[in-house]
Amino acid sequence: MNRLQKAITIFGITATVNAWGIIPSICDNGTLFSITTAQARQDGEPGVRVKPQSREVQVSPSESVVPSQLSQSNPTPGISRPLTDELDVSLLAKTVANFIQAERYQTESEMQFSFEARGFTGQFSVLVKTIAQSPQQFRSEIYTPESGGFGQPTYILISDGRQVWIYNPELKQYAVSDYAEFDQSNDSFLIGFSSMLFLEMSAPFRQIFGEGEMAPNAVIEMLESFLKVEDVPVEGGWQTLQGQDYYGYNYKDNQAGFTFTVLVEPNTATVNQIQMNGKADGMEIKMTEQIIRRVPSPVVAADTFTFVPPAGVTQVESMEIDIF
């Protein structure tokens with residue numbers, strides 16, 4: 001899979017590199033969506049209804065996130081749900097509804113990259129702040145570590161739905177491509193797995209959920225259509241992250257050779273972490289998005305998804321996002 005291939009470029013690292021830093025915060029007002037289970041449908045399956053609930057969102061600027069290690073276990077979670085290896089389809093339906101219900105999200109994440117090959121290991125992380133708006137608009141700032149923390153954005157990516165601008169403030173250069181070209185490039189996941197998935201899933205899924213209730217099993221059918229597979233190979237089970245219990249959904253693509261894992265906070269049906277791991281050229285590769293916060297319906301300026309080149313900036317034919 002070509003989006004895994006990007007991580008292979010760090011093979012030149014011959015020792016463990018720790019680049020974790022203090023992560024700044026975002027603070028916005030927006031609309032939160034609470035998920036409620038509707039009354040049973042005529043077919044006997046519970047439906048999922050999304051209910052908007054207005055409230056002010058406040059985030060303390062002193063909050064920070066540190067890297068985490070994922071472990072699978074059989075915990076005794078402090079939640080009122082039984083432990084089971086069976087796929088929790090109802091939770092999946094609520095999570096999908098919560099994930100795509102708003103037209104726009106502002107997400108702050110830490111993207112973690114690691115590899116292991118021939119006894120060598122490497123780690124690297126970047127901070128990503130993205131505003132994504134359905135169907136194809138986004139503004140993303142990518143921060144690389146500087147002296148133990150994150151300074152100014154190394155790259156700024158903007159899409160107006162038709163074109164994508166990649167701007168490097170330090171080099172004072174930018175490049176332009178059409179949206180489809182960027183979407184198929186090795187760099188598209190750098191706006192964050194969650195934002196990338198939201199932009200790809202939001203239009204068809206929001207149309208279905210916008211009609212009201214949806215049986216949980218119908219979400220599986222929608223995923224099969226979205227992934228273009230039959231009998232979508234999704235597995236579920238409990239996993240523990242830093243002492244907190246999450247329900248994990250695993251999707252394994254045997255043809256591409258990678259596994260896609262989504263960790264869900266079961267009480268709120270919200271996504272906490274998205275991970276992709278696989279093997280390429282004898283190298284074990286793992287890419288993880290740790291979601292710090294995700295704010296629905298943030299207020300944005302009229303020019304948020306427009307790029308106006310600053311004075312003295314040069315346009316180049318192409319630009320690859322080099323974060324390693």
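This is a predicted model: local features need pLDDT of at least 70, side-chain atom pairs count only at pLDDT 80 or more; totals for chains, interfaces and linings use all residues.
1. Aromatic pairs in general: the count comes to 11. One of them is Y105 with F198, an edge-to-face pair with 5.1 Å from centre to centre and 80° between the planes. Y105 sits in strand β4 and F198 in helix α4 (residues 193-209), so this pair links distant parts of the chain, 93 residues apart. Both Y105 and F198 are buried. Then there is F189 with F193, where the ring centres are 5.9 Å apart and the planes are at 25°, so that pair counts as stacked.

2. If you skip the neighbours within four places in sequence, Y105 is in contact with N98, F99, I100, T130, I131, A132, F198, R294, V295, P296 and P298. Take A132 from that list: Y105 and A132 are 27 residues apart in sequence, yet their C-alpha atoms are 5.5 Å apart in space. The Y105 side chain also reaches the backbone nitrogen of A102, at 3.2 Å.

3. What sits over the ring of Y105? That would be the charged end of R294, 3.7 Å from the ring centre. The charged end of R294 sits over the ring of F99 as well, this time 4.1 Å from the centre. When you have the model open, R294 is one to view together with Y105 and F99.

4. Staying in strand β4, look at S109. S109 is buried, with a relative accessible area of 1%. Its side chain makes a polar contact with the side chain of E289, at 2.5 Å. Beyond the neighbours within four places in sequence, the residues in contact with S109 are V126, L127, V128, E289, Q290, I291 and I292.

5. How many salt bridges does the structure hold? There are 2. In one of them the side chains of E108 and R293 meet, at 3.4 Å from N to O. E108 is in strand β4 (residues 104-117) and R293 in strand β16 (residues 283-296), so this pair ties together parts that are 185 residues apart in sequence. Both ends, E108 and R293, are buried.

6. The other salt bridge brings together the side chains of D160 and R162, at 3.5 Å from N to O. R162, at 60%, counts as exposed. As background, side chains of opposite charge can pair when their charged atoms come close.

7. Now some backbone geometry worth checking. Most residues other than glycine have a negative phi, and most peptide bonds are trans. Against that background, S134 and P135 are joined by a cis peptide bond, with omega about 10°. P135 lies in the loop between β5 (120-133) and β6 (137-143).

8. K172 is not a glycine, but its phi is positive, near 55°. You'll find K172 in the loop between β10 (163-168) and β11 (173-178). With 49% relative accessibility, K172 counts as partly exposed. Q242 is not a glycine either, and has a positive phi of about 50°. Its place is the loop between β12 (234-241) and β13 (244-253). At 56% relative accessibility, Q242 counts as exposed.

9. Last, the whole chain. There are 5 helices and 17 strands. Of the 324 residues, 52% are buried. Among contacts between residues at least 6 apart in sequence, 63% join residues at least 24 apart. The accessible surface comes to about 15,800 Å², and carbon and sulfur atoms account for 46% of that.

Technical notes
Residues are numbered from 1 along each chain as its sequence is written. Side-chain values use heavy atoms; hydrogens and water are left out. A salt bridge is a side-chain nitrogen of Lys or Arg within 4 Å of a carboxyl oxygen of Asp or Glu. Helices (H or I, at least four residues) and strands (E, at least two) are DSSP runs, numbered from the N terminus. Buried means under 20% relative accessible area, exposed over 50%, partly exposed in between (1.4 Å probe, protein chains only). Contact means heavy atoms within 4.5 Å. A polar contact is a pair of N or O atoms within 3.5 Å; within protein, one must be able to donate a hydrogen and the other to accept it, and residues adjacent in sequence count only if both atoms are side-chain atoms. Accessible areas come from the Shrake-Rupley method with a 1.4 Å probe; for residues, only the protein chains shown count as cover. Rings of Phe, Tyr and Trp (its six-membered ring) pair if their centres lie within 6.5 Å; planes under 30 degrees apart count as stacked, over 60 as edge-to-face and the rest as tilted. A charge sits over a ring if NZ of Lys or CZ of Arg is within 6 Å of the ring centre and within 35 degrees of the ring normal.
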